[in-house]
Amino acid sequence: MTAPVIEVEGLRRTYRVSTGAVRRRTLEVEAVRGISFSVGEGELFGLLGPNGAGKTTTIKMLITLLVPTSGTARVLGFDVVRQSREVRKRIGYVFGGDRGLYDRLSGLDNLRYFAELYGVPPREQKRRIFELLDLVGLNGREGERVEGYSRGMRQRLHVARGLLHDPPVVFLDEPTIGVDPVGARELRATMAALVSAGKTVLLTTHYMFEADALCNRIAVIAKGQIVAEGSPSALKAMVTDGVVVELEAYDPPPGGADALRRVPGVARVTVEERDQAQLFVVQAAAGFEGTPELIAALGDARLTRVATREPTLEDAYVALVEGASG
Amino acid sequence: MTSAPAMTGARATLRVCLVGGLISYRALFNWISPALYIPTMLLGPVFQILFFVYLGRFVQLRDDSFFVVGNAVQISGMSGVYAGVMAIANERQFQTLSALLASPANRPALFIGRALPVIANGLIVSAWGFGVSALLLHFRPAASSLAPLALVVLVSVVSCTAWGLTLGSLGMRFRDVFMIANLAYYLMWVFCGVNLPESALPTAMVWIGRALPMTHGIQAAREIAAGGSLGGAAGLIGVELGIAAAYLVAALLLFRLFELEGKRRATLEQA
Ligand SMILES: Nc1ncnc2c1ncn2[C@@H]1O[C@H](COP(=O)(O)OP(=O)(O)OP(=O)(O)O)[C@@H](O)[C@H]1O
Ligand SMILES: [Mg+2]
């Protein structure tokens, strides 16, 4: 096996923040607390985790915008602190959100500017820029000033900008945020195409189906620490190797979830509020036959739906993240 | 989608400087639209020149030429001081600074490139000031002194822009640098001998003025407008160039320092 493209060892980052208007105190926020992982060539690696888990902080360290408090990270063998320029030449990144573009310039000029900053040869620029405009579906709108772009159009422009110099390693931090369903689907196809072209991609997203569909491997990060790592199917298996039973109930008895947990074969129960109803998601062992017992456990509740399905990545994610906070 | 390797060294650096500089000028320069450019860059300076020339006539201390030259050189500095600040402070405000810093582009080339259109603009503004003075105030330097005068203006604009970039680099670390730019601009009015001869200032102020851009340039321009030769003003021009170089070096060092510090303290994105 070749050396990993992204190698992260014991990476930490704390932020100092000051609070209080009158008596200012400084606090240390531990955003990333010693994480390690590696991503091989041609892999699409997902970093999943709740808001504030430290995903963006990790990516910022990898793209040389933030110096780690301790630990090391290398991209293509180059240290992100000591050889940051070498790293920058070889990576592209896309951040979610509508900021970070020059509003007064057209989309085209934004791309031309970054093409210069990344040293894209002038003879290549035009072809490359129009290829990318086509790819992200901004063809025909490139002459307009970015200040008039919608949020999703800006996000598309971000994607084009990140890929301008055809980097071998790409960091995508919520790249599909704000993009309409068809556009997001096209972007996912683009990500898949990047990987089949041999590029290495690190992706964060809050859309579990997106991660499930795209990632070869996923690390779940919560409160700055990796709580699980593996392929999507391994993660699902880690949480349950069986089935999921969903019960939607009106007026369930108090302690309904606990009653469900006592049913033999049940591994884990989570509850989601749905308007006036509650959705109990029961993860159970393979070959589970206890659905009648589950229904009985909820007593007089009015059940509007009972369904058995295969576990999804979202089930695994919720269990892992709740496990980490419990 | 494979592409040729990125441009190498010198070529990429030159393109960042020239092509990149021009694009970023449009992106970052607040006065790019005619509605703002005409009042700030063209009309305001004319009023400034007229005001001081008529004031000069009223108090009868110096001839018109003293005030025309002082102000027509000085107005070229406005775009330098403010654009230097905009070159960085606006990146912060538009939240594009991290995108810029994540790129591998050569930093000195980036900033010198941003300065070039600003310098060209300063030349235009100054030429406009001299032109209007010729029309309205009958300012008539000898034809032979026009080229040396242009050179002196160029050197002065360069040093003002370098000073602006130094202030701009402070914008990597401190917010509200536009306030600093305002102060810096008025500071030049007082200390650089725009409307006052050195002899009218206390010694301490004279020394401060000598460390600022433009002071020596204005003196050189006055000598040349009065019929002096370029050779005679060479000393002053040399000092002005030295000041320009010193501020440019300071700007680049400060930028480097604050870039590193920003990555340690995570302050780059706070607008
Ligand atoms: N510049 C900063 N100064 C202080 N604290 C910060 C800064 N940036 C991030 N943090 C803190 O670090 C923690 C991790 O933030 P980070 O942006 O990495 O989370 P995330 O996993 O990307 O979350 P999200 O899913 O919401 O994007 C949070 O507690 C956040 O408040
Ligand atoms: Mg984030």
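Modeller: Here are a few questions and answers about this predicted model.

Biologist: Which cysteine sulfur is closest to the sulfur of B:Cys192, and how far away is it?

Modeller: A disulfide needs two cysteine sulfur atoms within 2.5 Å. B:Cys192 itself is buried, with a relative accessible area of 2%. Its closest cysteine sulfur is too far away for a bond: the one in B:Cys160, at 7.3 Å.

Biologist: How many disulfides does the structure hold over all chains?

Modeller: The 2.5 Å limit applies to every pair of cysteine sulfurs. Over all chains, the number of disulfides is zero.

Biologist: Is B:Glu259 buried or exposed?

Modeller: Let's start with its place: B:Glu259 lies in helix α10 of chain B, residues 234-265. Leaving out residues up to four places away in sequence, B:Glu259 touches A:Arg88, B:Leu101, B:Arg107, B:Met172 and B:Leu268. Its relative accessible area is 4%, and under 20% counts as buried, so B:Glu259 is buried.

Biologist: Which strands are at the edges of the six-stranded open sheet in chain A?

Modeller: The strand order is β6-β7-β8-β3-β9-β10, with mixed pairing. An edge strand pairs on one side only, and in chain A that describes β6 (91-95) and β10 (225-230).

Biologist: In which sense do β3 and β9 of chain A pair?

Modeller: Strand β3 covers residues 44-48 and strand β9 covers residues 217-222. A:Phe45 stands opposite A:Arg217 in β9(A). Over four bridges, the pairing of β3 and β9 in chain A is parallel.

Terms used. Residues numbered from 1 in each chain as written. Chains lettered and ligands numbered in written order. Predicted model: local features only at pLDDT ≥ 70, side-chain atom pairs only at ≥ 80, totals over all residues. Heavy atoms only, no water. Buried < 20%, exposed > 50% of the residue type's maximum accessible area, 1.4 Å probe, protein only. Helix = DSSP H or I, 4+ residues; strand = E, 2+ residues; numbered from the N terminus. Contact = heavy atoms within 4.5 Å. Pairing = 2+ DSSP bridges.
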